[in-house]
Amino acid sequence: MRRLTFSLGIAAAFVLASYAGCRLQQWRQAEEEKRLRKMHTLRGTVERHPDFHSDILGEDRRVWVYLPPMYEREPERRFPVLYMHDGQNVFDGATAFLAGKEWEADESAERLIEEGRIEPLIIVAVDNGGAERTNEYTPTQDRRGEGGQVERYARMLVDELKPWIDKRYRTRPGRESTGIAGSSLGGLASLWIGLTHPDVFGRIAAVSTSAGRDGGQIIRFVEALPEKPATRIWTDIGTEERYGAVKYARLLRDALVKKGWKEGVDLAYVEAEGASHNETAWARRMPAILEFLFPPRPEAEEDVVQADG
């Protein structure tokens with residue numbers, strides 16, 4: 001009996017110690033998140049517009065705008081624009097879904113521009129809609145009835161946000177100077193929006209695209225395109241992403257190639273070895289994405305603001 005009582009006591013002490021250790025770990029994680037939420041990581045000039053109003057969405061959205069270093073130094077110059085989804089995660093670790101984990105788009109752009117490895121550009125990032133993210137970033141509904149409102153979100157970008165940006169900033173508004181980028185469902189949205197609005201977007205980055213959603217609907221969509229637009233496309237996947245991700249990524253690449261895109265010319269396909277499905281992995285690929293979408297170019301007449309506005 002004493003032995004049993006002693007054993008039970010040891011077991012109880014072990015359980016209590018484990019519980020206490022778990023609570024301590026949770027406390028440390030919570031404190032670390034608090035610390036990271038106070039550490040803003042913006043680099044260069046990033047303007048924030050917390051209350052951009054969309055009549056189409058029926059609400060306000062925060063919009064972030066990164067401006068290249070020469071934006072103020074060269075007041076006669078115009079710049080291409082890259083529109084990105086999940087704006088909370090693009091520039092600032094303090095606002096990212098996972099505290100401290102962001103795309104580092106501002107850091108990458110600053111460095112590559114200064115090194116002359118990319119064309120100076122403006123990056124516009126739009127916060128996602130929270131609970132509406134799946135609806136807004138997907139073209140079809142799943143079995144649970146979620147999704148299928150990407151065209152509504154696209155109309156906000158095309159009919160409301162882009163005209164507002166073009167009016168407020170010195171952009172080159174043509175499709176050949178306008179890109180769209182996102183990851184996961186945001187990659188799905190980027191590909192669908194870019195290919196259904198080829199008159200607006202001439203460059204697409206579909207990162208870790210959820211190509212397997214709805215049985216590969218985006219692949220069937222590419223296969224059914226009536227013609228190939230003159231659009232530059234980056235698409236990729238990490239080899240450590242969820243089951244089946246690489247298979248669908250390759251099927252998407254194959255569909256694009258069959259439609260007429262050429263790898264190394266107007267299509268880049270990357271399988272990132274050992275990469276998972278998160279902002280840290282996407283931040284590592286961001287420099288290569290920018291270099292492919294916005295390679296250096298000689299200044300042209302369209303880069304200069306005309307005297308008549």
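User: Which residue lies over the face of Trp-261?
Analyst: This is a predicted model, where local features need pLDDT of at least 70, side-chain atom pairs count only at pLDDT 80 or more, and totals for chains, interfaces and linings use all residues. Residues are numbered from 1 along each chain as its sequence is written, and side-chain values use heavy atoms, without hydrogens and water. A charge sits over a ring if NZ of Lys or CZ of Arg is within 6 Å of the ring centre and within 35 degrees of the ring normal. At 5.0 Å from the ring centre of Trp-261 lies Lys-228.

User: How far is the charged end of Arg-232 from the ring centre of Phe-292?
Analyst: The charged end of Arg-232 sits over this ring. Its distance from the centre is 4.1 Å.

User: How many aromatic pairs does the structure hold?
Analyst: Rings of Phe, Tyr and Trp (its six-membered ring) pair if their centres lie within 6.5 Å; planes under 30 degrees apart count as stacked, over 60 as edge-to-face and the rest as tilted. The structure's count of aromatic pairs is nine.

User: Are Tyr-83 and Phe-201 buried or exposed?
Analyst: Buried means under 20% relative accessible area, exposed over 50%, partly exposed in between (1.4 Å probe, protein chains only). Both Tyr-83 and Phe-201 are buried.

User: Why is the pair of Trp-103 and Trp-282 tilted?
Analyst: The ring centres are 5.8 Å apart. The pair is tilted because the planes of Trp-103 and Trp-282 stand at 35°.
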